[in-house]
Amino acid sequence: MTPSAIELAARADDYRVARYAAAAIALSLVEAAIPSPLPGVKPGLANIVILVVLARYGWRDALWVSLLRVVAGSLMLGHFLAPGFFLSLTGALASLAVLGLAARLPARWFGPVGLSVAAAFAHIGGQLALARAWLVPHDGLIYLVPLFAVAALVFGLANGLAAARLLADRDAAAL
Amino acid sequence: MKALLRLIRPGDWLVLLAALLACAALLPYAFSGGVPEKALVKRDGRVVAELALTESRRIEVAGPLGVTVVEVQPGRARVAADPGPRQYCVRQGWLTHANAVAICAPNHVSLALVGRNKGYDSLSY
């Protein structure tokens, strides 16, 4: 019997996407170990990687890394196709949509910090919209909105600074 | 700190300002949750009075032990007097939040504040 072999030719940018996705997944896993007073309030450290990829290689690569991160991260954490997975996917897609638009702004004026904060707000916006429509169809959710907004501001700023710092650092270019 | 600030570009400050304003605008929602709208007085699980929390009133509810007095003032309500032996519901004092409950079990009377939305006792994720 001849063994069947499927050859998948991986190009250099496939390896690059995989490498960044691995970094993003690792950050997601680390983050899952951090206790949080409220489910959903998380630093979103993987977004640092997304911002770096967006700045260096463009939106398409950022989309790939982000979606790989969501799917593989949820497989590793064991919540693939659970509600948390869909929240995470919606947040990722919403923030990628905003990043796609914001990346067209002049880079001289808008850097990773601005993009990060805008993306963080899109992230919670998308998640809360899905949660309201599907998981908790109740207006009581609105009491949590301010909390999520403050978290988005704080973590968006922190992640943006981290990404800007990495992008400005020549030594980190080999990441 | 200075090195960090250099990483923030002019437009980023605009985004941060907008985000800050959004947070400030949303803040009141965090505290609007517990506003009660009316007081429900029950005896043996049946509603005997529904009082709007807009004016001061006192009502008396007769139970097996005697008369429980419920007092309502704008925005709050309490059990003013109860014949029960341990006086738990009286000592709870004024109830001010939606979904707060004072139960006078010996006399089969309960007082509950309800808001626009029914609250949950607990949520698990």
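How many salt bridges does the structure hold over all chains? The count is seven. The model is predicted. Side chains of opposite charge can pair when their charged atoms come close.

Start in chain A. A:Arg16 forms a salt bridge with A:Asp61. Their closest N and O atoms are 2.6 Å apart. A:Arg16 lies in helix 1 (residues 12-32) of chain A, and A:Asp61 lies in helix 3 (residues 59-77) of chain A, so the pair ties together parts that are 45 residues apart in sequence. A:Arg16 has 21% relative accessibility and counts as partly exposed. A:Asp61 has 11% and counts as buried, because buried means under 20%. A:Arg16 also has an aromatic contact. Its charged end sits over the ring of A:Tyr57, 3.9 Å from the ring centre.

Now turn to chain B. B:Arg58 forms a salt bridge with B:Glu71, and the closest N and O atoms are 3.4 Å apart. This pair links distant parts of the chain. B:Arg58 is in strand 3 (residues 57-62) of chain B, while B:Glu71 is in strand 4 (residues 67-73) of chain B. They are 13 residues apart. B:Arg58 counts as exposed, at 52% relative accessibility. B:Glu71 counts as buried, at 12%. The pair belongs to a network of salt bridges in which B:Arg58, B:Glu71 and B:Arg78 are linked.

Another bridge in chain B joins B:Asp44 and B:Arg43, with the closest N and O atoms 3.0 Å apart. B:Asp44 counts as partly exposed, at 40% relative accessibility. B:Arg43 is partly exposed too, with a relative accessible area of 27%. Chain B also has a charge over a ring. The charged end of B:Arg76 sits over the ring of B:Trp94, 3.9 Å from its centre.

Next come the ring pairs. A pair of aromatic rings is described by the distance of the centres and the angle of the planes. Over all chains, the structure holds four aromatic pairs. One of them joins A:Phe86 and A:Trp134. The ring centres are 5.6 Å apart and the planes stand at 85°, so the pair is edge-to-face. A:Phe86 lies in helix 4 (residues 83-102) of chain A and A:Trp134 in helix 5 (residues 112-135) of chain A, so the contact ties together parts that are 48 residues apart in sequence. A:Phe86 counts as partly exposed, at 29% relative accessibility. A:Trp134 is partly exposed, with a relative accessible area of 44%. Ring pairs link A:Phe80, A:Phe85, A:Phe86 and A:Trp134 into a cluster.

Conventions. Residues numbered from 1 in each chain as written. Chains lettered and ligands numbered in written order. Predicted model: local features only at pLDDT ≥ 70, side-chain atom pairs only at ≥ 80, totals over all residues. Heavy atoms only, no water. Salt bridge = Lys/Arg side-chain N within 4 Å of Asp/Glu carboxyl O. Helix = DSSP H or I, 4+ residues; strand = E, 2+ residues; numbered from the N terminus. Buried < 20%, exposed > 50% of the residue type's maximum accessible area, 1.4 Å probe, protein only. Phe/Tyr/Trp six-rings, centres within 6.5 Å; stacked < 30°, edge-to-face > 60°. Lys NZ or Arg CZ within 6 Å of the ring centre and 35° of its normal.
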